[in-house]
Amino acid sequence: MAKVDIADLQYLMQRLRNPETGCPWDLKQTFASIVPYTLEEVYEVVDTIEREDYPHLKEELGDLLFQIIFYSQLAEEQSLFNFQDIVTSLVEKLVLRHPHVFPNKTLESERDPKKASSEPEIKQTWEAIKKTERKEKGFHSILADIPSSLPALTRAQKLQKRASTHGFDWPSVDGVLEKLEEENNELKEALTLADEQCIEEELGDIMFTLVNLCRHLNVDAETALRRASRKFENRFHYVEEAVQAEGKNLAEVPLETMDALWGEAKEKS
């Protein structure tokens with residue numbers, strides 16, 4: 001295939017959405033209906049990167065880009081905005097949020113190496129800019145623009161990080177560990193009372209505190225849990241395959257045997 005660019009992709013999307021000759025599936029889609037596909041593509045990009053499957057990353061990034069083109073086409077059909085507006089808005093935002101690189105607030109401005117800021121100064125400036133943007137959008141709370149649709153662990157980490165930039169935080173990890181112990185004791189009490197609603201609440205508090213612990217240790221909670229899940233999956237596959245090699249299924253094997261196989265899997269991983 002000959003070399004193509006964004007304009008070709010936009011043309012393809014227009015063809016797919018042509019009322020007379022387009023694809024029936026693409027024609028019936030709306031902003032809301034393609035959200036699940038967008039989320040799926042995002043997670044496929046993340047999964048490819050975490051598996052270091054870089055040969056397929058190009059393909060997954062292309063699938064994600066197509067989602068953006070799809071949204072821009074829907075918006076253009078409704079006279080809301082187009083793809084060029086998206087790019088323009090992005091460039092303006094990047095320039096305005098990086099005054100240490102673009103001091104004249106233009107894409108063409110050259111950075112003076114003598115004026116390079118330190119990382120703490122950059123973070124401080126970044127938060128000040130974000131605060132101004134929130135005010136311009138009519139948000140009164142510093143937490144208002146953190147999407148409720150984010151994965152729970154990611155949203156918890158963002159809420160905590162935002163609050164910490166305004167001084168609402170433990171000074172060290174020791175405070176988080178003490179809080180974790182406190183929440184664990186409260187869970188034990190809820191279990192003693194057999195209060196289901198309280199048990200759920202205390203479990204939520206423990207998970208929220210664990211996310212805080214991740215943040216203090218500079219660990220991304222979502223990534224850590226995904227890796228733990230993948231590790232569990234790999235070890236469980238080892239147990240499955242070992243049992244199947246004996247001509248049995250898991251239901252026929254005692255827990256002690258599976259536990260021993262799990263130990264083997266841990267040694268091999």
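Hi everyone, and thanks for coming. Before the details, please keep in mind that this is a predicted model, in which local features need pLDDT of at least 70, side-chain atom pairs count only at pLDDT 80 or more, and totals for chains, interfaces and linings use all residues. Residues are numbered from 1 along each chain as its sequence is written, and side-chain values use heavy atoms, with hydrogens and water left out.

Let me begin with the charged pairs. Side chains of opposite charge can pair when their charged atoms come close. For a salt bridge I use this cut-off: a side-chain nitrogen of Lys or Arg within 4 Å of a carboxyl oxygen of Asp or Glu. The structure holds 10 of them.

One joins R162 to D145, with 2.8 Å from N to O. That pair links distant parts of the chain: R162 sits in helix α7 (residues 152–164), while D145 is in the loop between α6 (119–136) and α7, 17 residues away. When I say helix, I mean a DSSP run of H or I with at least four residues, numbered from the N terminus (strands are E runs of at least two).

Are the two partners buried or exposed, or something in between? Here the terms are set by relative accessible area: under 20% is buried, over 50% is exposed, and partly exposed is in between, with a 1.4 Å probe and protein chains only. R162 has 12%, so this arginine is buried. D145 has 21% and is therefore partly exposed.

Now please look at helix α8, residues 173–193. K179 has two salt bridges to show you here: one to E182, with the closest N and O atoms 3.3 Å apart, and one to E183, at 3.2 Å. Why do these residues line up? E182 is 3 residues from K179 in the helix, which means about one helical turn between them. E183 is 4 residues from K179 in α8, and that is also about one helical turn. K179 is partly exposed because its relative accessibility is 24%, and E182 is partly exposed too, at 36%. E183, by contrast, is buried at 5%. Elsewhere, salt bridges that share partners join D47, E50, R51, D53, R226 and R230 into one network.

While we are in α8, N184 lies in that helix as well. N184 is partly exposed, at 32%. N184 and L203 are 19 residues apart in sequence, and their C-alpha atoms are 8.3 Å apart in space.

Next, the cysteines. How many disulfides does the structure hold? Taking a disulfide as a pair of cysteine sulfur atoms within 2.5 Å, the count is 0. C23 is partly exposed at 26%, and C214 is buried at 19%.

Grid points are joined across faces, edges and corners, and a volume is the space filled by probe spheres set on the points.

The largest pocket holds about 590 Å³ of space. Its lining has 19 residues, and W126, E127, K158, K161 and R162 lie nearest its centre. So that you can find it on screen: α6, α7 and α10 (221–245) each supply at least two lining residues.

As for cavities, the search of the whole structure finds 1 of 30 Å³ or more. The largest cavity has a volume of about 30 Å³, and its lining is Q10, M13, Q14, I69, S72, Q73 and E76. Helix α4 gives the most to that lining, with 4 residues.

Last stop: two loop residues. S79, in the loop between α4 and α5 (83–96), has a positive phi near 60° although it is not a glycine. N218, in the loop between α9 (196–216) and α10, likewise has a phi near 60°. S79 is exposed at 69%, and N218 is exposed at 74%.

That's my tour, and I'm happy to take questions.

Technical notes:
1 Å grid on protein atoms, 1.4 Å probe; cavity = no way out; pocket = protein on both sides within 12 Å on 5 of 7 lines; lining within 4 Å.
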